[in-house]
Amino acid sequence: MISHFLTVRTKSKFVFAGPSKSTEILLRYIDPEQLPVKYDGLSKDGEFTNTDVVTEITVRQASKPTVEFPVTEI
């Protein structure tokens, strides 16, 4: 549907892979050390554990809460 609006060069930048080939395709472009374990890579960065702190927030309609996420620099 969108392909009519994209140039040939832009279309060439997209890669589509079905579930059976997704790991193979991802490993062509991403090092196994950077690919998350759930995609058959070796990286566990960003994975949650049962010791992580969990905060629940309820957002009411028309409210604008501010949520801050602590980030550690690598």
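This is a predicted model: local features need pLDDT of at least 70, side-chain atom pairs count only at pLDDT 80 or more; totals for chains, interfaces and linings use all residues.
**Notebook: rings, bridges and a patch**

I started with F14, which is partly exposed because its relative accessibility is 47%. My cut-offs for cover: buried is under 20% relative accessible area, exposed is over 50%, and partly exposed is in between, with a 1.4 Å probe and protein chains only. Residues are numbered from 1 along each chain as its sequence is written, and side-chain values use heavy atoms, with hydrogens and water left out.

**Rings**

I looked for aromatic pairs, taking rings of Phe, Tyr and Trp (its six-membered ring) with centres within 6.5 Å; planes under 30 degrees apart are stacked, over 60 edge-to-face, and the rest tilted. The count came to one aromatic pair. F14 and F16 make up that pair, and it is stacked, with 6.3 Å centre to centre and 10° between the planes. I then checked F16, and it counts as exposed because its relative accessible area is 75%.

**Overall picture**

I went through the secondary structure next and got two helices and zero strands. These are DSSP runs numbered from the N terminus, H or I of at least four residues for helices and E of at least two for strands. Of the 74 residues in the protein, 5% are buried. Areas are from the Shrake-Rupley method with a 1.4 Å probe, and for residues only the protein chains shown count as cover.

**Salt bridges**

How many salt bridges are there? I got two, using a side-chain nitrogen of Lys or Arg within 4 Å of a carboxyl oxygen of Asp or Glu as the rule. E24 takes part in a bridge with K21 at 3.8 Å, N to O. E24 also meets R28, at 3.4 Å, N to O. So I wrote K21, E24 and R28 down as a linked network of salt bridges. E24 and R28 both sit in helix α2, four residues apart, which is about one turn of the helix. I looked up cover for the three as well. E24 is partly exposed at 41% relative accessible area, and K21 is partly exposed at 43%. R28 counts as exposed, with 55% relative accessibility.

Most residues other than glycine have a negative phi. I found D40 with a positive phi of about 70°, and D40 is not a glycine. D40 lies in the segment after α2 and is exposed, at 55% relative accessible area. I noted A62 too: not a glycine, with a positive phi of about 70°. A62 is placed in the segment after α2, and A62 is exposed because its relative accessibility is 79%.

**Nonpolar patch**

Which residues form a nonpolar patch on the surface? I listed I57, V59, V67, F69 and V71, with about 550 Å² of accessible area together. The patch rule takes residues with over 30% relative accessible area and no salt bridge, joining like charges within 9 Å and nonpolar side chains (Val, Leu, Ile, Met, Phe, Trp, Tyr) within 5 Å.
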